[in-house]
Amino acid sequence: MWELPLMPQQASTIAEKVDALYLFLWGLTAFFTLLIFVLILVFAVKYKRGKVADRSNAPDTDHKLEAVWIVVPLAISLVIFGWATSIFFEQVRPPADAVEYFATGKQWMWKFQSPEGKREVNELHVPKGRNIKVTMTSEDVLHDLFFPAFRTKADVLPGRYTNVWFNATKTGTFHIFCAEYCGMQHSLMIGKVIVMEPDEYERWLTSAASGTAGQATADASETPAQAGERLFTQYGCQTCHQGASGTLGPSLAGVYGSEVELQNGEKVKADDDYMRESILNSSAKIVKGYQAVMPNFKGQISEEEVMNLIAYIKAQQGSGATAQNLTPTGKR
Amino acid sequence: MPGATNGVFEMPKTTYINAQEGIKSWLLTGDHKRIAILYLISISIFFALGGIFAALIRIELLTPGPDLEAEMYNRAFTAHGIVMVFMFLIPAIPAVLGNFLLPIMIGARDLAFPKVNLLSWYLYMIGGLLTLSAMLMGGVDTGWTFYTPYSTSYSQSYVFLTGLGIFIMGFSSITTGLNFVITTHKMRAPGMTWSRLPLFVWSQYATSLVMLLGTPVIAITVVLLAAERVFGVGVFNPNLGGDPVLFQHLFWFYSHPAVYIMVLPAMGVISELIAAFSRRRVFGYSFVAFSSLAIAIFGFLVWGHHLFVSGQSAYAGIIFSLLSFIVAIPSAVKVFNWTTTLYKGSISYETPMLYALAFIGLFAIGGLTGLFCAALGLDVHITDTYFIIAHFHYVMVGATVIAYLGGIHYWWPKMTGRTYPEFWGKLSAMLIYVGFNLTFFPQFILGYLGMPRRYHVYPPEYQVLNVLSTAGASVLAIGFMMPVFYLLWSLKFGPVAGPNPWGAKGLEWETASPPPTLNFDATPIVTEEAYAYDAEAEESAYQAALQQAKHAK
Ligand code: HEM
Ligand SMILES: [Cu+2]
């Protein structure tokens, strides 16, 4: 407890890159601070009042000198900008093959769901060495899912999906924090990410499926897409969105990721946010050729159920496919 | 103190302080100097209050577990932030030093609108007291940033009343800014051209522009917040089709430029101090003057760097990052300019100069760590952690508070007619410098380790650094308290200062200390540039005086 670490563990593929930039910037800071410090010290001693020194022809301006200290910091800044932005691109663009986990933030806990359907609260088990993307939303206020050991975080917003991704390089247990102030117990909205060797993770999954985790044991064996399929029938979605042609509502096979033309002629991309809006507030964007007959499910479906439904729709890529033989991206 | 003033001078008979008597003559005054004193008193009290909240925060964080209740801790850091930002940092230098000095420095008899100036103080007090009354009734727990939807739909605290107070204080900023801009344009003494303006006046001018243009935006934001909270309008509420990130854009569109409202006047003060104590014209005068304007204008374009992980588009993030790097350059240049001003100077080290040198050191670290925050890939990790807390304290306390204290010490003889004890001044300046670094440097490391801000309990491995930080805060608190005592002491017992105790240039040193109600006996005519120092000549005069003193013994 009383040791003094200077950096958190480097436990993701990005951590090292962020740390390199960090150390470089400290080097720069030390250099310029010392430079100024030494200059001040030298001048302070040499030109102290009462001390004999050459004070003739003191310059008032020197445009050349000023140009130097505009251009040099500017050049250094641009280098840092380029470097930092390239890291940022990596942080905010999940690789195409990333396995998708889900997270919901809620005052004051984190609810996670793995692609295999395992649900956890304030704990997230993940395999080492795999690209993992966490898609998340909030049930109430702003939160922020922060993994210090992975050097990444992102805000979690109500009414929208955001995501973080990482590829853990070390097994072990690391902090999860909420980094956006969210009310009274903000500092208790913490958790652990547990990184395991892939085979160990596999074993953990199967053993945990037998139902030791207290809540939601019934669906512990369902993947999000399977849960979504169950909900699809339960809420009666299939009565309108049936079959490849669709009846009252458009068919949902292959919709995810496509361009949808709306009644007002606009075109939107059918992404997570569009799906969510169409479920919760269906009259907002009506697809061309259809009527606004779908009920609004706001207040009746939880955020997790929405995520499951989207996972199910996402799984229905290509016509005629059923949910059983297609599972979310990346799952073997 | 140069020129051995002890006991040589007598207090002028009539000054702005004794020209009229009675509390009413103060509360109804139109004299900018008296209004400055009213501000000085109220702002000092608010600063102490903000300090008490800081102490509460630091005591809580001494151990990883909870000492205060979570609710109380949240209200304490919110109160600390609100008091420090809206009631101290934004008004401090403009309302106290600016009010007192701006007219005198340009050779005017008062500000353009003396009654509006008094109104500004009343607005400030009414707003401040409303905000304080909200705190007494139980406070706010949203953080000074009031992010929605927490502040609109979830917080069970006095958001509305606090917001109302801030809204009213905003009008105080606007009227002060307006008054300063018009005064600078219209009331300069004959010969006081723009290129002869003291850099302090330049910085006040630039700041006033930001106040005028930026403050209405926070006023609108607060109104929207109130409408949302009271009537459920839905601008920021996603359940009603609103957007919580929109609030952040509006909030930071004002609050980022507000950082420049705090820092530009500080830079102005430092330019004056460095020039006076090294007996040199500030190196690159025109660049320093125009860079204030440049910072004021470009400062409006970088608000989005507070939103890198908020869900705003990655491309917006990149543009804001680039602009942030560019706006940092004028600040860097100022640091080099001040440092170079020392070259071939005739430098002395009284208390204000110690503050000025401390400023350069702290501002350099504050500014350079700003690069960490502007650097996208790195900011993703450090944003909303203690790294940010450390960075903005280096900028806001290290720069604004230090410059304010330096300025108060420098102009104290002018304001009160008396000098304070140098020994205690120097000691407190040094305690503040050491205490400050001990408090906030560990927080950079703490933040990088991952400790999020606004946490009232934390994992035990963060304790060592928190203990260091709290220890530093105790030293800092002692450093801040000392001036209260010796400055008050000096009001009665301090040696009489005389018109120009520092041997400095500038119109304010050409009138009596304290000045008469109308500042000058006759309107001054300006024939030379600001800082017409000649370090070489002044140094030989000093040497000659030394020799004479030796012979006399
Ligand atoms: C003894 C000196 C001080 C100490 C020990 C101190 C400590 C702190 C700490 C620990 C926080 C973080 C609270 C949190 O996020 O959990 C904080 C926040 C803050 N401090 Fe200070 N502070 C000091 C002086 C000042 C001064 C002089 C100012 C401005 C004049 C200031 C302005 C702020 C602001 C604006 C915040 C943000 C509040 C928020 O997060 O809502 N502080 N301070
Ligand atoms: Cu939180």
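Starting with chain A, 48% of its 332 residues count as buried, buried being under 20% relative accessible area, exposed over 50% and partly exposed in between, with a 1.4 Å probe and protein chains only. This is a predicted model, so local features need pLDDT of at least 70 and side-chain atom pairs count only at pLDDT 80 or more, while totals for chains, interfaces and linings use all residues. As for bookkeeping, residues are numbered from 1 along each chain as its sequence is written, chains are lettered from A and ligands numbered from 1 in the order in which they are written, and side-chain values use heavy atoms, with hydrogens and water left out.

Among the contacts in chain A with a separation of 6 or more, 66% come from residues 24 or more positions apart, where contact means heavy atoms within 4.5 Å.

A:Thr223 sits in the loop between helix H3 (198-209) and helix H4 (224-234) of chain A, and A:Thr223 is buried, at a relative accessible area of 5%. Leaving aside residues up to four places away in sequence, A:Thr223 touches A:Pro115, A:Glu116 and A:Gly117. A:Ser278, in helix H5 (residues 272-280) of chain A, is buried as well, with a relative accessible area of 18%. A polar atom of the A:Ser278 side chain lies 2.9 Å from the backbone oxygen of A:Tyr274. That pair is a polar contact, i.e. N or O atoms within 3.5 Å; within protein, one must be able to donate a hydrogen and the other to accept it, and residues adjacent in sequence count only if both atoms are side-chain atoms. A:Ser278 and A:Arg49 are 229 residues apart in sequence, and their C-alpha atoms are 76 Å apart in space.

On to the cysteines. A:Cys178 is buried at 0% relative accessible area, and A:Cys182 is also buried, at 0% relative accessibility. Searching the whole structure turns up zero disulfides over all chains, a disulfide being a pair of cysteine sulfur atoms within 2.5 Å.

Chain B brings in the metal. The iron atom of ligand 1 has B:His80 (NE2) and B:His393 (NE2) as its protein donors, 2.0 to 2.1 Å away. B:His80 belongs to helix H3 (residues 70-89) of chain B and B:His393 to helix H14 (residues 386-416) of chain B, so the pair ties together parts that are 313 residues apart in sequence. Donors are N, O and S atoms within 2.8 Å of the metal (3.2 Å for Na, K and Ca); water is not among the atoms, so sites may look incomplete. The iron site is octahedral, with angles of 85 to 178° among its six donor atoms. B:His80 is buried at 15% relative accessible area, and B:His393 is buried at 12%.

Around ligand 1 there are 28 residues, of which B:Tyr73, B:His80, B:His393, B:Arg453 and B:Arg454 come nearest. Two or more residues of the shell come from each of helix H2 (32-60), H3, H14, helix H15 (422-449) and helix H16 (463-493) of chain B. H3(B) gives the most, with eight residues.

Definitions and conventions: Tetrahedral: all angles 85-135°; square planar, octahedral: opposite > 155°, others 65-115°. Helix = DSSP H or I, 4+ residues; strand = E, 2+ residues; numbered from the N terminus. Near = heavy atom within 4 Å.
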